[in-house]
Amino acid sequence: MICAYSLSVEDDGSYMLGDDTKTAELYPGFHDWRFLKDGAPHPATCAVCDRKTDAEFINPRFRVSRRNWDSVVTGDGYYLVSSAFRRVARQYSWSDVAFVELPGDSDYFWLRPSRTLTFDSDRRGTRFEHRCTACKGWFDVVGAHPIMLRDIDQPLAGGLFQTDLAFGSGHGQSPLIIAGLETAAQIKAARLRHVDLEPILSTP
Ligand SMILES: [Zn+2]
């Protein structure tokens, strides 16, 4: 039984953290490059492993490069959506979802659901690897699909959520965005560009 959908959007190859980077060879096991800001390690990242450490960071000059897409995920894990996407939210009076304005791009918004769902990492067998001694986070969180949510045995009627876990490696880590059935139907009906929905099955 389908209990919800996950928002499936494509990486547009851009980085909210910026284009200023350097090669890093000191820390095997992590990415071999790091984000910089004004020549120093980027203050929104861990200088050792490059994971994001400032959950609120927005680059004031960032602009979405794929202007004809209604949703993108950046290479550093930001879900950004268009004005058309936000109109759907307004039309149906979605609650508990922030559309954070981007100072450098008035046509796109950072999509941030405030409600979380618990990902069932035990059942899914998600692996947590390469713990960073500096920020104490896991550099690699591997195994999101097929998506398994904990304690969801009935379909989610509506709403937009994010998972409590962020998946991926280093600066690319991001949570999954989950839509209840009604919300997913509203997104689908709007025929947004480059926005797909992946069904999630309930616990058997
Ligand atoms: Zn770290």
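Strands here are DSSP runs of E with at least two residues, helices are runs of H or I with at least four, and both are numbered from the N terminus. The model is predicted; local features need pLDDT of at least 70, side-chain atom pairs count only at pLDDT 80 or more, and totals for chains, interfaces and linings use all residues. Residues are numbered from 1 along each chain as its sequence is written.

**The β10–β11 hairpin**

Strands β10 and β11 run antiparallel and are joined by four bridges; two strands count as paired if DSSP finds at least two bridges between them. Six residues lie between the strands of this hairpin, and Lys-136 takes a positive phi near 70°. Is β10 buried or in the open? Of its five residues the number buried is zero, so β10 lies largely in the open. A residue is buried if 20 or more other C-beta atoms, placed from the backbone, lie within 10 Å of its own C-beta, exposed if 12 or fewer do, and partly exposed in between.

**Tyr-5 in β1**

Next, select Tyr-5, which is found in strand β1. Tyr-5 is buried, with 23 other C-beta atoms within 10 Å. Leaving aside neighbours within four places in sequence, Tyr-5 is in contact with Ala-179, Ala-184, Leu-197, Glu-198, Pro-199 and Ile-200; contact requires C-beta atoms, placed from the backbone, within 7 Å.

**Helix α3**

Move to residues 181-189. In helix α3, Thr-183, Ala-184 and Ile-187 are buried. Viewed down the axis of α3, the buried residues fall within an arc of 100°, so they line one face of the helix; the arc is that of the directions from the helix axis to the C-beta atoms. An α-helix has 3.6 residues a turn, so residues three or four places apart point the same way. The cover over the buried residues of α3 includes β1, α1, β12, β13 and β14. Just after α3, Arg-191 takes a positive phi of about 50°.

**The whole chain**

Finally, display the entire protein, whose secondary structure comes to three helices and 14 strands. The C-alpha trace spans about 50 × 40 × 25 Å along its principal axes. Buried residues make up 35% of the 204 residues. Among contacts between residues at least 6 apart in sequence, 64% join residues at least 24 apart.

Notes. Two residues are in contact if their C-beta atoms, placed from the backbone, lie within 7 Å.
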